[in-house]
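Welcome, and thanks for taking a look. Here are some numbered notes to read alongside the model.

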Amino acid sequence: MVDGSVQISPEVRRRFRRLAWIYLIVATALLPWIVYLALTLPKRNLERHYRSTWVGFDTLLVVALAGAAYLAFRVDPRVQFPATTAATLLVVDAWFDVTTAGSRSDSFRAMILAVLVELPAAAFSLYVARRVSRRVIELAYLEHAARGQPPDDPGPVPVSR
């Protein structure tokens, strides 16, 4: 620690940079998909605003992924928040794709996309969020130890019944 700031090792910076590129590439790759949806989805299905629902949803996903990329490029531990948001949106996307598919072939494609892309990407994002969260906690304990202070851990939280 120098001047009250935490020193970040070059290896951690490399990992964050790789993570940032992954999120940025995925967010960028989704942009043409959103344009495609905006041009090809029916304006109305059974729902009143079918096209805007999916375009808006995927736009939120891009914002979460781009936010994770931005914070990862900055080596900011708050990357765990957009990573968790992206994971949640990916699971919801997979669910709605599968459950709203119109035909058997659409259902099959939606399941393949969910199993091979969306759910693994969600799992990866949750893994990232958990790893970063654990590392932040470890660094907080190390900082307290370096100052000779006991950690601010009150111990296990009692569960009320």
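1. A word on contact before anything else: two residues are in contact when they have heavy atoms within 4.5 Å of each other. This is a predicted model, in which local features need pLDDT of at least 70, side-chain atom pairs count only at pLDDT 80 or more, and totals for chains, interfaces and linings use all residues. Residues are numbered from 1 along each chain as its sequence is written, and side-chain values use heavy atoms, with hydrogens and water left out.

2. The overall layout comes next. The chain has 4 helices and 0 strands, where helices (H or I, at least four residues) and strands (E, at least two) are DSSP runs numbered from the N terminus. Read from the N terminus, the order of elements is α-α-α-α. Among contacts between residues at least 6 apart in sequence, 63% join residues at least 24 apart.

3. Let us turn to burial. Of the 161 residues in the chain, 28% count as buried; buried means under 20% relative accessible area, exposed over 50%, and partly exposed in between (1.4 Å probe, protein chains only).

4. Helix H1 (residues 10-40) and H2 have axes that come within 8 Å and cross at roughly 165°. Here axes are lines fitted to C-alpha atoms, for helices over the stretch in contact, and angles run from 0 to 180 degrees between N-to-C directions. H1 is therefore roughly antiparallel to H2; angles under 35 degrees count as roughly parallel, over 145 as roughly antiparallel, 65 to 115 as roughly perpendicular and the rest as oblique. The residues of this contact divide into 25 nonpolar, 1 polar and 3 charged (Ala, Val, Leu, Ile, Met, Phe, Trp, Tyr, Cys and Pro count as nonpolar, Asp, Glu, Lys and Arg as charged, and the others, Gly among them, as polar).

5. H2 also has H3 to pack against. Helix H2 (residues 50-73) and helix H3 (residues 80-100) pack at an angle of about 155°, with axes 9 Å apart, and so the two are roughly antiparallel. Residues of H2 in this contact include Trp54, Phe57 and Leu61, while those of H3 include Pro82, Leu89 and Phe96. By class, the contact has 15 nonpolar, 3 polar and 3 charged residues.

6. Which residues touch the most other members of the largest nonpolar core? They are Tyr23, Leu61, Leu65 and Val79, in a core of 32 residues. Such a core is a set of buried Ala, Val, Leu, Ile, Met, Phe, Trp, Tyr and Cys residues joined through side-chain atoms within 4.5 Å. H1, H2, H3 and H4 each give two or more residues to this core, and the largest share, 12 residues, comes from H2.

7. Please look at tyrosine 23 and its partners. Not counting residues up to four places away in sequence, tyrosine 23 touches Leu65, Ala68, Ala69, Ala83, Phe124, Ser125 and Val128. Serine 125 belongs to helix H4 (residues 104-147) and is buried, at 2% relative accessible area. Leaving aside neighbours within four places in sequence, serine 125 contacts Tyr23, Ala83, Ala86 and Ala87.

8. Phenylalanine 124 is in H4 and counts as partly exposed, at 33% relative accessibility; beyond four places in sequence, phenylalanine 124 touches Leu19, Ile22 and Tyr23. Phenylalanine 108, also in H4, is exposed, with a relative accessible area of 56%. The C-alpha atoms of phenylalanine 108 and valine 98, 10 residues apart along the chain, are separated by 8.1 Å.
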